[in-house]
Amino acid sequence: MNQIGEWINNDNHFKYFLIFLFFSIKVNAQQYPLDTQLSFVNYNPPTQLPGYLTPIYDENFDTKVTRISAISEFGGIRQDLTHDYSKRQVWNSDQSLISLSYGKILDGKSYELLASAAIGSMGWSNIKPYRNYGTSSNSNYFRVYELNPQTFENRIVFTKTFSEYNRMSHWTAESNLSADDKYVALYGTKSSTGDSCWVIVYNVENDVVVSETNLNTNIANIDWVSMSQSGNYVVVLYKSRGMGVHQGTKSFDRSMNLVKHLTNTTQHGDLGYDQNGNEVWVFYDMGYLKSATLEGGEGVIQYASMQGGHVSCRNINRPGWAYVSDDGDANTPKDYPAFREIFAVKLDGKPNGVITVNRFTKHYTETNQKYNHYAKTSVSPDGRKVVFNSNMSINAVKAQNFPFAFIVEVNQSTETIIANAGDDVSICQGASTTLTATGGSTYLWSTGETTASITVSPEQTTTY
């Protein structure tokens, strides 16, 4: 055979061809900022407030930043210009909706305002798009709600009343259900024991109280109580620092047996997983981002240097990372590379080593000692988008009681590649040809091979 495609069998005179059809496709090259290390970059706050729903692009990382709240559209300078807190999930489980503080529902993709409608005080379900949960500091119930995505009516579908309690004093922005929505840790007071704090571990799925425990301390000494993502641990953060029985941060099992004194600190943090699958408390303390396993394992592991900040591990579908917003120090913007930055830290358990981060953006907010103006990063379930508060260092916005909410994400308009498997090819049955792909830095063929070029010798007619 002198030419590919010209083959005649010996018995009869049929011509056989194998046709390889190839085409170009456009695909997203990456969903997260690149894995890198912290280093000094430019810091140039905008000279004017970015327009509502008009993206701007970070000068250092080419990420897309969009302002998602506005005074005129939201009805004034109100708390619902912002989101609640880093431990509170802003997106619903399928990320089709966003809920900001005090009753603003946005489209999860376009970020357009859809309705003024409040969801339950404990926020979205982790597994069902329109389910949400709530308690009341003035009553003694736990409720399950279902949001109608057309009318935005939030209907009560189930109420669990704890009749022995006179109130559920929940700091709901910092209390989470387990990732499967099965377990929740509630805390409150009984009329029979005054202001003594009780913790209730409740199985929502089976409507069963797992345990009730008197912590034997005044409820005013409790900052928050939360389930871990697995539902295996309850974490209590006391308001007083230290190692005492009612100080610092501690993990318990579901029966409220003490498992571990985690830290002396009472700073901002969240509960997530490290890269090895250990559940961890990730927190800011004494100038650093740190983590501690909820049971056994290493002691406290020190990661990035920070001047203070907030932590979110609401990325339940991308475990092993913690998302952080550094508060910054207005007097020392050049002293450390994380200054006023939003980034994700890979929780790989390498103490005092080089940390791996995904750098999202500089948030540019100046707090002026106003807590509402702190960035308070909160991450989407898939870890691809981050919401934060910011005044963008604009004097008029700094004077407001509340700043604006922004979302940062990878700029997909520039993060695309053209994947091409080569020209169309015709070969004879039993012959071989080389297929060559272009457009990427790494490749994966259906054969499992990962080189740019592969050799194929099909034994029967095949269309690729």
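A residue counts as buried when its relative accessible area is under 20%, as exposed when that area is over 50%, and as partly exposed in between. Keep in mind throughout that this is a predicted model.

Select Asp285 and Lys290, whose side chains form a salt bridge with the closest N and O atoms 3.2 Å apart. Are these residues buried or exposed? Asp285 has a relative accessible area of 10% and is therefore buried, and Lys290, at 12%, counts as buried too.

**Second stop: the five-stranded sheet**

Next, select strands E4, E5, E31, E30 and E29, which in that order form an open sheet with antiparallel pairing. Strand E4 (56-57) and strand E29 (378-379) stand at the edges, and because each has a single partner strand, one side of each is left without a neighbour in the sheet. Within this sheet, look at strand E30 (residues 385-390) beside strand E31 (residues 404-410), where six bridges join the two in the antiparallel sense. To find your place along this pair, highlight Val386, which stands opposite Val408 in E31.

Strand E7 (residues 104-107) is joined to E8 by three bridges, and the two run antiparallel. On this pair, select Lys104, which stands opposite Ser116 in E8.

Side chains of opposite charge can pair when their charged atoms come close. How many salt bridges does a search of the whole structure find? The search finds 16, and one of them is reached by selecting Lys87 and Asp270, where the closest N and O atoms are 3.8 Å apart. Lys87 lies in the loop between helix H1 (71-74) and E6, while Asp270 lies in strand E21 (residues 269-273), so the pair ties together parts that are 183 residues apart in sequence. Lys87 counts as buried at 0% relative accessibility, and Asp270 likewise counts as buried at 0%.

For another such pair, select Lys160 and Asp207, whose side chains meet in a salt bridge at 3.5 Å, N to O. Lys160 belongs to strand E12 (residues 154-161), and Asp207 to the loop between strand E15 (196-203) and strand E16 (208-218), so this pair ties together parts 47 residues apart in sequence. Asp207 is partly exposed, with a relative accessible area of 36%.

**Last stop: Ser86 and its surroundings**

Finally, select Ser86, which lies in the loop between H1 and E6 and counts as buried at 0% relative accessibility. Which residues does Ser86 touch, not counting those up to four places away in sequence? Among them are Asp270, His310, Arg314 and Thr377. The backbone oxygen of Thr377 lies 2.7 Å from a polar atom of the Ser86 side chain.

Key: Residues are numbered from 1 along each chain as its sequence is written. This is a predicted model: local features need pLDDT of at least 70, side-chain atom pairs count only at pLDDT 80 or more; totals for chains, interfaces and linings use all residues. Side-chain values use heavy atoms; hydrogens and water are left out. Two strands pair if DSSP finds at least two bridges between them. Helices (H or I, at least four residues) and strands (E, at least two) are DSSP runs, numbered from the N terminus. A salt bridge is a side-chain nitrogen of Lys or Arg within 4 Å of a carboxyl oxygen of Asp or Glu. Buried means under 20% relative accessible area, exposed over 50%, partly exposed in between (1.4 Å probe, protein chains only). Contact means heavy atoms within 4.5 Å. A polar contact is a pair of N or O atoms within 3.5 Å; within protein, one must be able to donate a hydrogen and the other to accept it, and residues adjacent in sequence count only if both atoms are side-chain atoms.
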